[in-house]
Amino acid sequence: MSLERVTITIPSETLDAVKSAAEREGLSVSAWLSRAAEHAAKIEAGLAAAEEAMAYVDPPTPDEQAWVDDFMNRVTRPTLTGEQSHGAA
């Protein structure tokens, strides 16, 4: 694998968060950003493949879509702890 040097511009707050995350994981900022970019690229490739595959199937029924929507809401929304759900700070 060859490496290339690039210059990027990101918000200061984002860079601070990246530095903290990289330090927690024992990685350099470059390694952390490289891993994050690779992860994001894989997600995008998967979404593109799914979109292409969807061209070959019928659209979901309303019941199927409701199931998917419910599932996605459950797996993508953070679970509130007892204290959080009662408005405690």
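**Helix packing and salt bridges**

Tutor: H1 and H2 are roughly perpendicular to each other (65 to 115 degrees; under 35 is roughly parallel, over 145 roughly antiparallel, the rest oblique). Helices are DSSP runs (H or I, at least four residues) numbered from the N terminus. This is a predicted model: local features need pLDDT of at least 70, side-chain atom pairs count only at pLDDT 80 or more, and totals for chains, interfaces and linings use all residues. Residues are numbered from 1 along each chain as its sequence is written, and side-chain values use heavy atoms, without hydrogens and water.

Student: At what angle do H1 and H2 pack?

Tutor: Axes are lines fitted to C-alpha atoms, for helices over the stretch in contact, and angles run from 0 to 180 degrees between N-to-C directions. For H1 (residues 12-25) and H2 (residues 29-54), the axes are 9 Å apart and the angle is about 100°.

Student: Which side chain meets glutamate 25 in a salt bridge?

Tutor: A salt bridge needs a side-chain nitrogen of Lys or Arg within 4 Å of a carboxyl oxygen of Asp or Glu. Glutamate 25 lies in helix H1 and its partner in helix H2, 10 residues apart. At 2.4 Å, N to O, the partner is arginine 35.

Student: Is lysine 42 buried or exposed?

Tutor: Buried means under 20% relative accessible area, exposed over 50%, partly exposed in between (1.4 Å probe, protein chains only). Lysine 42 forms a salt bridge with glutamate 38, which is partly exposed at 46%. With a relative accessible area of 57%, lysine 42 is exposed.

Methods: Helices (H or I, at least four residues) and strands (E, at least two) are DSSP runs, numbered from the N terminus.
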